[in-house]
Amino acid sequence: MIFSAPVAGKVGLALNECERQKKKDSKWSPLGVGAHVYQTDRLRTGRESELVIRLLDGSAIRMAEFTYIEMSQILVPKGDGTFDTRIKVDSGVVNFAVKKQKKNSTFKFKTSGTHTASIRGTEGFVGSYNNVFAASLVNGKLEVEDGETPVLAIGAGETIFGTDSLVSMKLASSGDPKFAKRLSMIMQSGKDMGEMLKDVKAADEAVQQEKKKAAVDNLPENGFTLNTENAVEVCNEGLALDGIYRTSDPNAKLVVKMGKHEVSENLATIADGQSHPFAYNVAVSDENGLWKETEAELVFVSGKVKDSKKVSLKVNPACRGVNHIAPQVRIASYDSTSCKVQVAVNGMQDDVGILTQSIDGTSVSEEAVSKNGLSRFKLSSGIHEYEYVLKDQAGNVGNAKKMMGCYPVRRFNVEVFGGPREELIVPPPPYGLADRISKMLEFRIRTPENDPQFLYKVTVKQNGKVILQETLTQIQTLDYQIPVELVRGARNKFDIEVIHKSGFRSVAVKKFEVR
């Protein structure tokens, strides 16, 4: 029932000139701490003024000086348990800390121009002066719409700035109220877009310098500050850490730790009670194993004082500087009968890649690989050149190449021309001449592949004695014509044996009887 009331929120802070104008009323009245603010109220602040409104869902908005807004609709129920919130920013800068919205609920800031900032569970600021728009986030997400059309989205640590065309920038001061104050001055400067963008980056650097100076001024006798922003994205340049320490203890120690190991020397090298800068760069790669770490910790120890600060890491394994060890690929084993090959991969622990199989130079299959182990592939019938190429996410490549055969077991037979038994009637030679009887032994090997490269051995024996034997590449045909000498009145037996590369064996017998 509370959300159906017209109350939009309550004043949490009212500094200097803070006023409200009711709808359909031309008068402005002062606002004080504790006062209720209602939907459709118009609010404004004057010079060096600040107004904080706490909304009913726990969200809060903070109006900077010279800011004019309208509480268009605040937590208006849509009938399905969700709500719409719309605040119109006519001019000025509004800092916000918005609670996470329910699914399908909306929280939007509409500016005097065409831009609308739609946010969900985030902290930052949005501003508008003279058709110049800005939005900036500490965390969360924000979408900018031009009318009803989404045009740009930003996340934590990003800032949008511009007029008709918007520019997204990754800035260390994004979402900071001090940065917002500087941006409001830039938006009112009347400069062209190029000059204003330069001023925005200069403002970011100035805010960061102010923070560093404040940290140094407030640095205790034994302590340190860390300038490196949290959630560092680590790529080719590694992890760069810098800051300031102060100690008068000659035994003080300041080190960088990742995981359980110290990865730096003692960075506290001067103990004179004055502030001194320190800097250290940590190489993060698959070679030293640090690419698996999610945070770095700086630990300072001086006497009874122990202090530490952590920096969360987002290591990008797609960067060559992080991921530079090429994966290893080898053909572990293969079976020509079952026509399967096992390919071993190494160097892929904590990495991902694509393993591709090519046959005679043509890619035929691929699979994702995310760990060390064996991958199995099918071989094609016959003998071919196979290559296995593994490319990881950083583009490192490992490969293995080999000629391999696939000969599945299939039955075949040997066909002897003239049948298994053949009777020859040959007149005897004239007196005094040798009784020599010549004949052609003919047979055909009928394999399913109809290709001699699938044969391992062909052997022909005459009465138990080998008269022909061919193996592997010697076998050039499936049709054989072998001249043989027969003996009249004796046994003329020929045994034919053919062995397939699959191991299957086929035999045939031919007998000649000469009369």
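The structure is a predicted model.

**Helix α2**

Begin by selecting residues 193–217, which form helix α2. The helix has 25 residues, and the distance from its first C-alpha to its last is 36 Å, close to the 36 Å expected at 1.5 Å a residue. Next, select D192, which caps the N-terminal end of α2. A side-chain oxygen of D192 lies 3.3 Å from the backbone nitrogen of G194.

Now colour the buried residues of the helix: M196, L197, V200, A203, D204, V207 and Q208. An α-helix has 3.6 residues a turn, so residues three or four places apart point the same way. To see what the buried residues of α2 pack against, display β12 (132–146), β14 (158–162), β15 (166–170) and α1 (177–187).

**The largest pocket**

Keep α2 in view, as this helix also gives four residues to the lining of the largest pocket, the largest share. Rolling a probe the size of a water molecule over the atoms shows where empty space is left. The largest pocket holds about 790 Å³ of space. Its lining consists of 28 residues, and those closest to the centre are A172, T228, E229, N230 and A231; select these to find the middle of the pocket. The elements that contribute two or more residues to the lining are β12, α2, β16 (223–226), β17 and β18.

**The two disulfides**

The structure holds two disulfides.

Select C235 and C319, whose sulfur atoms are 1.8 Å apart. The link is left-handed, with -100° about the S-S bond. Both C235 and C319 are buried.

Then select C339 and C406, which are joined by a disulfide with an S to S distance of 1.9 Å. This pair also links distant parts of the chain: C339 lies in the loop between β24 and β25 (340–346), and C406 belongs to strand β30 (residues 397–406), 67 residues apart. The link of C339 and C406 is right-handed, with 90° about the S-S bond. C339 and C406 are both buried. Counting bonded cysteines along the chain, the disulfides follow the pattern 1-2, 3-4.

**Histidine 276**

Move to H276, in strand β21 (residues 275–282). Is H276 buried or exposed? H276 is buried, because its relative accessible area of 16% falls under the 20% limit. Show the side chain of D272 as well: a polar contact of 2.8 Å joins it to the side chain of H276. Leaving aside neighbours within four places in sequence, the residues in contact with H276 are G243, I244, Y245 and I270.

**Two asparagines with positive phi**

Finish with two loop residues. Select N16, in the loop between β1 (7–15) and β2 (18–21). N16 has a positive phi of about 60°, although it is not a glycine. This residue is exposed, with a relative accessible area of 54%.

The last stop is N463, in the loop between β34 (455–462) and β35 (465–471). Phi of N463 is near 55°, a positive value in a residue other than glycine. N463 is partly exposed, with a relative accessible area of 34%.

Methods. Residues numbered from 1 in each chain as written. Predicted model: local features only at pLDDT ≥ 70, side-chain atom pairs only at ≥ 80, totals over all residues. Heavy atoms only, no water. Expected span 1.5 Å × (residues − 1). Buried < 20%, exposed > 50% of the residue type's maximum accessible area, 1.4 Å probe, protein only. Contact = heavy atoms within 4.5 Å. Polar contact = N/O pair within 3.5 Å; in protein donor to acceptor, adjacent residues only side chain to side chain. Disulfide = S-S within 2.5 Å. 1 Å grid on protein atoms, 1.4 Å probe; cavity = no way out; pocket = protein on both sides within 12 Å on 5 of 7 lines; lining within 4 Å. Points joined across faces, edges and corners; volume = space filled by probe spheres on them.
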